[in-house]
Structures are given as structure tokens and as C-alpha cells.
Amino acid sequence: MDPTTDNAGNTGEPGRARASLEALRAEISKAVVGQDPAVTGLVVALLCRGHVLLEGVPGVAKTLLVRALASALELDTKRVQFTPDLMPSDVTGSLVYDARTAEFSFQPGPVFTNLLLADEINRTPPKTQSSLLEAMEERQVTVDGTPRPLPDPFLVAATQNPVEYEGTYPLPEAQLDRFLLKLTIPLPTRQEEIDVLTRHAEGFDPRDLHAAGVRPVAGPADLEAARAAVAKTTISPEITAYVVDICRATRESPSLTLGVSPRGATALLATSRAWAWLTGRDYVIPDDVKALALPTLRHRVQLRPEAEMEGVTADSVINAILTHVPVPR
């Protein structure tokens with residue numbers, strides 16, 4: 001296929017943009033073994049101007065995944081290790097007094113980047129966690145009453161450990177709702193783990209992505225063209241109603257104390273649209289909604305304590321809802 005023509009027959013910028021974004025998987029696989037769903041989720045978030053919460057045990061390449069994505073997209077990236085003593089100004093920046101000019105000047109914090117890796121975000125107190133809220137929602141930082149816009153594209157990829165809760169500050173529901181997707185990073189399969197060890201035995205250094213052969217295959221211009229094409233993806237009234245029915249069903253589930261808000265329904269519509277375009281269509285089908293339902297909704301619901309004690313999970317509740325909600329013909 002001509003790289004300027006996509007699966008839907010679109011030529012020009014949209015076709016080139018899709019071809020470039022499809023090449024990301026192959027490029028990132030030079031550094032990260034497997035994790036295709038997480039790569040796709042990060043691309044969907046960039047297309048939707050959203051943010052991602054990455055959950056997985058230590059050592060499953062969460063940090064490496066974000067760094068490889070930034071290298072393959074030719075985007076600036078910064079990493080912040082969230083700790084209990086981290087202050088909001090350590091993230092957003094602060095005013096610094098310049099003795100030569102006798103004036104205060106703004107020193108930008110690490111949030112002024114394209115991809116911000118917020119490592120172990122649940123290890124820092126709520127005050128510092130909330131310092132990211134304005135950046136995530138408004139795409140700006142206000143210091144001393146002056147709003148300062150962030151670069152575009154801008155994505156926060158926050159990581160958290162699902163099994164270690166000592167000394168952590170769980171994200172409140174209102175902040176979780178600001179993340180477009182929650183992606184779970186599983187342990188590798190046996191063969192994938194063999195491939196990882198083989199690469200390390202052959203001299204692979206995760207700190208040197210250039211030596212691993214990771215090269216830029218797309219850039220901000222491709223992302224902008226892709227976003228414009230996604231915005232033109234058709235959504236029928238039946239698909240809109242299907243998304244609403246799924247989200248309303250979570251509010252009526254006996255296993256949940258908190259269902260999906262209208263913001264969550266809007267997010268599911270947006271991610272389904274981006275996924276439809278990535279798979280080569282200019283219209284959304286029910287399967288697109290089903291494919292993105294778990295990562296888009298799992299962090300927007302809250303289980304009842306008794307359901308949690310019985311082994312019920314957010315994923316199992318959402319899967320049951322997807323089974324019972326009528327699919328439009």
C-alpha cells in the first residue's frame with residue numbers, strides 16, 4: 001500500500017499520519033518487548049489530548065515505554081519521581097530572585113514538556129498531586145497569578161504500583177476522572193521474558209535508546225494531521241446512545257457505589273473515535289466502543305466493599321455490562 005493512502009482510502013496528510021503512527025509499534029518494539037495494547041493506548045491518548053495512568057508492578061518497563069514513545073515521536077520528555085517531600089513548585093516551577101536585575105523571574109518546572117512521566121504519583125501528598133490538575137485540564141500553569149501555557153502536544157503519563165500501599169496517597173475519584181485512560185501493564189509471557197533477557201545478554205542498555213536503534217518515525221505535525229482526521233470520524237446517533245447506555249448501566253450496577261459520569265461517557269466516545277480512525281475507518285462501530293470500554297472506564301467506577309471482598313473487579317463489572325447492554329444493529 002502507498003504510505004500516503006490509508007486503509008479507508010484516504011490520501012494525503014491523514015494517510016501519511018496514520019502510516020507514521022502505525023510505524024510506532026515497530027519502532028518501540030526495538031526497546032520494549034510486547035505491550036502493544038499500552039502503546040496503542042498512549043497513541044489514543046495523544047490523539048484525544050488526554051492523559052494516561054499506567055498501573056503495573058515494578059520492573060515491567062513502564063518508564064522505558066514512555067521514553068521510547070517520546071523518542072519515536074520526536075517529542076520532549078521529562079520524568080518526575082514523586083516522593084512524600086515533593087512540593088508543587090518542584091513540578092510546576094517557581095519564581096526565582098535574580099540579584100543582578102533585582103527582579104523575580106519564572107523558572108519553568110518539568111511540567112513544561114510534551115510527555116511528562118509522573119513516576120509513582122500515589123507516593124506524593126494530595127497537595128502535590130493536585131498541582132498537576134490545572135496542567136492536565138487547562139494545559140497551563142498559573143504561578144503568582146500569571147497563567148503560562150504548556151507546549152502542545154502535552155501528555156501526563158502517571159505510574160502507580162498496584163500491590164504496594166504502605167506510604168502511599170491513593171488518587172481521589174475527582175483526580176482519577178481527569179485521566180483519559182487507565183492502562184494495566186501485565187507481566188510478560190514466558191517467551192517475552194526470554195526475549196528481554198536475550199536482548200540484555202546481547203548488550204541492550206535501556207538507558208541508551210539511540211544505541212537500541214529507536215529513531216523518530218512521526219512528529220508533532222503527524223499528530224496534528226491525525227487529530228484533524230479523527231475529528232471528522234463519523235459517529236451515528238445509535239453509537240452515541242450505545243455509549244450512554246453503557247455508562248448509565250454502571251450507575252445502576254449493584255456492585256458499584258460510583259458509576260461513570262457524563263465526562264466518562266464523553267471520554268469513551270472520544271477514544272472510540274480515535275480507535276476507529278487508527279484501525280482504518282472514518283466511522284465508529286460498536287466494536288470500537290467495546291475495545292476501549294475497559295481502559296476508559298475502569299478507573300471511573302468504585303466497587304462496593306462487599307463486592308470487592310467477593311473478588312469482583314471493576315473490569316468484571318464492565319465486561320458484564322458490555323454483555324447485557326443491547327448492541328445497535
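Predicted model: local features only at pLDDT ≥ 70, side-chain atom pairs only at ≥ 80, totals over all residues.
What volume does the largest pocket have? The largest pocket comes to about 880 Å³, where a pocket is, on a 1 Å grid over the protein atoms alone, an open set of points where a 1.4 Å probe fits, with protein on both sides within 12 Å along at least five of seven lines, and lining residues have an atom within 4 Å of a point; the volume is the space filled by probe spheres set on the points, which are joined across faces, edges and corners.

Residues are numbered from 1 along each chain, and side-chain values use heavy atoms, without hydrogens or water.

The lining of this largest pocket has 31 residues, with E55, L176, K182, R298 and V301 nearest its centre. Two or more lining residues come from each of β1 (52-55), α6 (173-176), β9 (181-184), β11 (302-303) and α13 (314-324), the helices (H or I, at least four residues) and strands (E, at least two) being DSSP runs numbered from the N terminus.

Turning to the second largest pocket, its volume is about 510 Å³, and of its 27 lining residues G59, V60, A61, K62 and L64 lie nearest the centre. Here α3 (62-72) and α7 (190-201) each supply at least two lining residues, and α7 gives the largest share, namely five.

Finally, C48 sits in the loop between α2 (36-47) and β1, and its C-alpha atom is 7.3 Å from that of R227, 179 residues away along the chain.
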